[in-house]
Amino acid sequence: FVHMRHDNIRDVLAKLLSRVVHDVETEPALLPLDGEETTGNTADAARLDIRARGFWRHGQQSYFDVRVTNPFCATAMKSSVKSVLDQHEKEKKRNYNHRIMTNEHGTFTPLVFTVFGTLGKECNTFITSLCQKLAEKNNEQYDDVLNWLRCKLSFLCIKSCVRCIRGTRVKVGEKINEYISSDFGLDAFNAFR
């Protein structure tokens, strides 16, 4: 269930990214290292969760990796939620940032969430930028898009936590269809009626 914990979040973010940039791929393989020295993950079969061309800068590859963590597990009990999120972001950066910058000539953003929906610093920056682009593209209010996406992500995080506790009722290999809105303001309005 560890991979399932973040797959729904990855899929929703990839669908939303594909609305604002045209070249989006999930689970992209990184270029193999041909004797080049790099730090972090040096496996030839290394993959990240999402690749999107032109998100941060026009024409440049942007790579994203999702992690969902429990800040109240035994190993993190003595740390604050913020420091747990920072620690996971730094670990992801240590594993992938140098390789992405030197081999892929792109940018890397770790998307770290808690099981309760709290976002890491870089993830919050990404969500803010994504919502701005979605609001402009769909001619929606930024606040409506941000509220909708934060609510969606919070429920996906909680759903992933519940799935780890009780398992899933979906048959192996069956995909869960996630609803992606085309009118964020209407969804937010109907949710609070």
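Predicted model: local features only at pLDDT ≥ 70, side-chain atom pairs only at ≥ 80, totals over all residues.
Colleague: Are Phe55 and Phe64 buried or exposed?

Modeller: The cut-off for a buried residue is a relative accessible area under 20%. Phe55 has a relative accessibility of 1%, and Phe64 has one of 0%, so Phe55 counts as buried, and Phe64 likewise counts as buried.

Colleague: What is the angle between the planes of Phe64 and Phe126, and what is the pair called?

Modeller: Phe64 also forms an aromatic pair with Phe126, with 4.7 Å from centre to centre. Planes under 30 degrees apart would count as stacked and those over 60 as edge-to-face, with the rest counted as tilted. The planes of Phe64 and Phe126 stand at 50°, and the pair is tilted.

Colleague: Which elements hold Phe64 and Phe126, and how many residues apart in sequence are the parts that the pair ties together?

Modeller: Phe64 belongs to strand E3, whereas Phe126 belongs to helix H3, which covers residues 121-138. The C-alpha atoms of Phe126 and Phe64 are separated by 9.6 Å.

Colleague: Which residues form one aromatic cluster with Phe126?

Modeller: Phe126 is buried, at 0% relative accessibility. Leaving aside neighbours within four places in sequence, its contacts include Leu13, Leu17, Thr109 and Leu111, and also Phe55, Trp56 and Phe64. The residues that form one aromatic cluster with Phe126 are Phe55, Trp56 and Phe64.

Colleague: With which residue does the side chain of Ser62 make a polar contact?

Modeller: Ser62 is found in strand E3, which covers residues 61-69, and it is buried, with a relative accessible area of 0%. Not counting residues up to four places away in sequence, Ser62 touches Ile50, Arg51, Ala52, Phe55, Trp56 and Thr107. The polar contact of its side chain, at 3.4 Å, is with the side chain of Thr107.

Colleague: Is Lys92 buried or exposed?

Modeller: Lys92 lies in helix H2, which covers residues 81-104. Beyond four places in sequence, Lys92 touches residues among which are Asp65, Val66, Arg67 and Phe108. With a relative accessible area of 9%, Lys92 is buried.

Colleague: How far from Cys123 is the nearest cysteine sulfur?

Modeller: A disulfide is a covalent bond between the sulfur atoms of two cysteines, and the structure holds zero disulfides. Cys123 is in no disulfide, and the nearest cysteine sulfur to it, that of Cys157, is at a distance of 8.4 Å.

Colleague: Where does Glu27 lie, and what is the value of its phi?

Modeller: Glu27 is located in the loop between strand E1 (24-26) and strand E2 (50-53), and at 29% relative accessibility it counts as partly exposed. Glu27 is a residue other than glycine, yet its phi is positive, near 55°.

Colleague: Is Asn139 buried or exposed?

Modeller: Asn139 lies in the loop between H3 and helix H4 (142-166), and its phi is positive, about 55°, although it is not a glycine. Its relative accessible area is 73%, so Asn139 is exposed.

Colleague: Which pattern does the protein follow along its sequence?

Modeller: The secondary structure comes to five helices and four strands. Read along the sequence, these elements follow the pattern α-β-β-β-α-β-α-α-α.

Key
Residues numbered from 1 in each chain as written. Heavy atoms only, no water. Helix = DSSP H or I, 4+ residues; strand = E, 2+ residues; numbered from the N terminus. Buried < 20%, exposed > 50% of the residue type's maximum accessible area, 1.4 Å probe, protein only. Polar contact = N/O pair within 3.5 Å; in protein donor to acceptor, adjacent residues only side chain to side chain. Contact = heavy atoms within 4.5 Å. Phe/Tyr/Trp six-rings, centres within 6.5 Å; stacked < 30°, edge-to-face > 60°. Disulfide = S-S within 2.5 Å.
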